[in-house]
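Let's take a friendly walk through a few local features of this model. Have the viewer ready.

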Amino acid sequence: SANTSIDIDQDALLALKDHITYDPTNFFAKNWLTNSTMVCNWTGVTCDINQRRVTALNISYLSLTGNIPRQLGNLSSLEILDLNFNRLSGTIHSIFNNNLTGNFSNGTCICDIFLFLKDFTPFYHYPILSAIYVVKSMICVCHTLDGTIPSHNLGNLSSLQLLDLSDNQLSGSIPSFIFKISSLQALHFGNNRLSGELPANICDNLPFLNFFSVYKNMFYGGISSTLSNCKHLRILDLSFNDLWGDIPKEIGNLTKLKELFLDFNILQRAHDLSLLYIYINFLSSLACFLSSLSNCKYLEIIALSGNPLNGIIPRSAGNLFHSLEELFMPDCNVSGRIPKEIGNLANLVTLDLGGNKFNGSIPIALGKLQKLQLLNLDDNKLEGSIPDDICGLVELYKLALGDNKLSGQIPACFGNLASLRELWLGPNELISFIPSTFWNIKDIMYVNFSSNFLTGPLPLEIENLKALTLDFSMNNLSGVIPTTIGGLKGLQYLFLGHNRLQGSIPDSVGDLISLKSLNLSNNNLSGPIPTSLEKLSDLKELNLSFNKLEGEIPRGGPFVNFSAKSFMGNNLLCGSPNLQVPPCRASIDHISKKNALLLGIILPFSTIFVIVIILLISRYQKRGENVPNEVNVPLEATWRRFSYLELFQRKFWQIVRRLLKIRDFLLRNVES
């Protein structure tokens, strides 16, 4: 019967081959040869050595097009089927030998994981492209389903370990039978339209569950304390729902928990007490919750973003989570001082406390977090100077300290942060020059020093940066815009508005070929707008308003799309009427070479010619006065005769009038 079984498997694979309508690499023609090789030797096929049955099929990343045949369901020993990165369609119920009905049936599936259970990496860390992925112990059906999940059992799923129905448009609730499949280790319902309350008995029959995600749905109600029964849970993601109420302290019993996502819900502590009690209770609720996690020795991620926790971070938090790598607590209405004990979290890579009400100074103990890559303290009430200890964070990738009340100077040692890619220091109350060492951070991409009191010029060394965004607006910077700024070939956004910059706009600004937005408004810039800016084909926003610019506004390139707002407040600009500036009068500097030739040669020549003629006439008139009068002359002599001189004079004045007309015409032509 072994031969019969392998023959059945071979027929199933040949049926698949026959249903492929597009095979750009000729994979099947080259590798699935029925005459020369056994089916177990075909590329992409794996067999059990003893039973000689196909146990795995991998034809991923081949860009195949076609249909999945019903015969594929005859691979009764199949454990792994990977059709990722293809364009295959068909019904999946044939593979399960079940009768899946309703909308939960057809289409091209999309899967984003492979053997998740080996490394416990979240599903959404993987790329997503069209494929079908169904195995004996795993089901993954994505981007194809709508309607509700069938309320009846999908068949004999006693061996099912992973169920991934994420990234669909499923609605309704999660059927209760799913929480009775005791073999399940991972459940992923993220990014759907599922709703209702989460069952209170999720873990009662799922003793091996280590991954549970329902992020980006519409679940409401509270979080059940029975989640603590999932003793093997490593990743819990309930983010982006409408969950409210207390965060159960029993979560602290999940001793194997590595990643916890509760952000963007409405979680808090008791909310039905008096205002004073709420305040006091809120102050203690966050501390209580964090303390309840003290048993989670393996906890690596805590994400509480967007929940109104209304408390303070207790000093004990720095001694609770030695394995913690990421702490997300932005927009949680947390207040008080940042405890210096956070410096004890030696494994911390991400610390995001932005959008809260922290006050006091930045703890110098943060300088001990040598692995820190992201530090966000933006949008708080911090004051005092930026401690030099921050410069010891050599792995720091992003530093956000903006929208506080920080004062003093930018530390010169920032130039030592070679890994820094994002630096956000505005708005604050920082003063003095931008330290010269700052321009040594050559790989920095985003710089925001806006809305401070920084002074001094922009140096020539600005060309050292590889920045995409530079925002120095609303400071007291002075001097000229350095010509070397044209070296920033990758720069997309340049904001220098509301400073005291002077001089002209360098022609080299036209070399910023990637520029999308340029703001030089409210400075003392003078001179013309360089026509080199017409080369900036990607420029979508331009603000040169309220300077002392003059001359004609360029008309080519992106300038055809700009409005009067881009140029207002420059009284000496001229150009098109739709820009609400006066029309330009040509000056000698703008006369064309042709017209300059006419004015420089023909007009002087005509003037000399007129002077010569006048001198000749004057000479002939003097000679005519000495001609004697004769008394006796013939009658015909009394007739009016015209001398050559008179005839010449008449002709001369005709020529002069013509020359004057030519001159007037030329002058009018030049002015226009």
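In which sense do β34 and strand β36 pair, and over how many bridges? They pair in the parallel sense, over two bridges.

## About the model

This is a predicted model, where local features need pLDDT of at least 70, side-chain atom pairs count only at pLDDT 80 or more, and totals for chains, interfaces and linings use all residues. Residues are numbered from 1 along each chain as its sequence is written, and side-chain values use heavy atoms, leaving out hydrogens and water.

## Strand β34 and its partners

Strands are DSSP runs of E with at least two residues, numbered from the N terminus, and two strands pair if DSSP finds at least two bridges between them. Strand β36 covers residues 476-480, and its Asn476 is the bridge partner of Thr455. Strand β32 (residues 429-433) also pairs with β34 in the parallel sense, over three bridges; here Ser432 has Leu454 as its bridge partner.

Side chains alternate along β34 (residues 453-456). Leu454 and Gly456 point to one face and are buried (under 20% relative accessible area, with a 1.4 Å probe and protein chains only; exposed is over 50%, partly exposed in between).

## Ser239 and Trp244

Ser239 sits in the loop between β18 (235-237) and β19 (242-245). Ser239 has a relative accessible area of 3%, so it counts as buried. Trp244, in strand β19, is partly exposed because its relative accessibility is 42%.

Definitions and conventions: Helix = DSSP H or I, 4+ residues; strand = E, 2+ residues; numbered from the N terminus.
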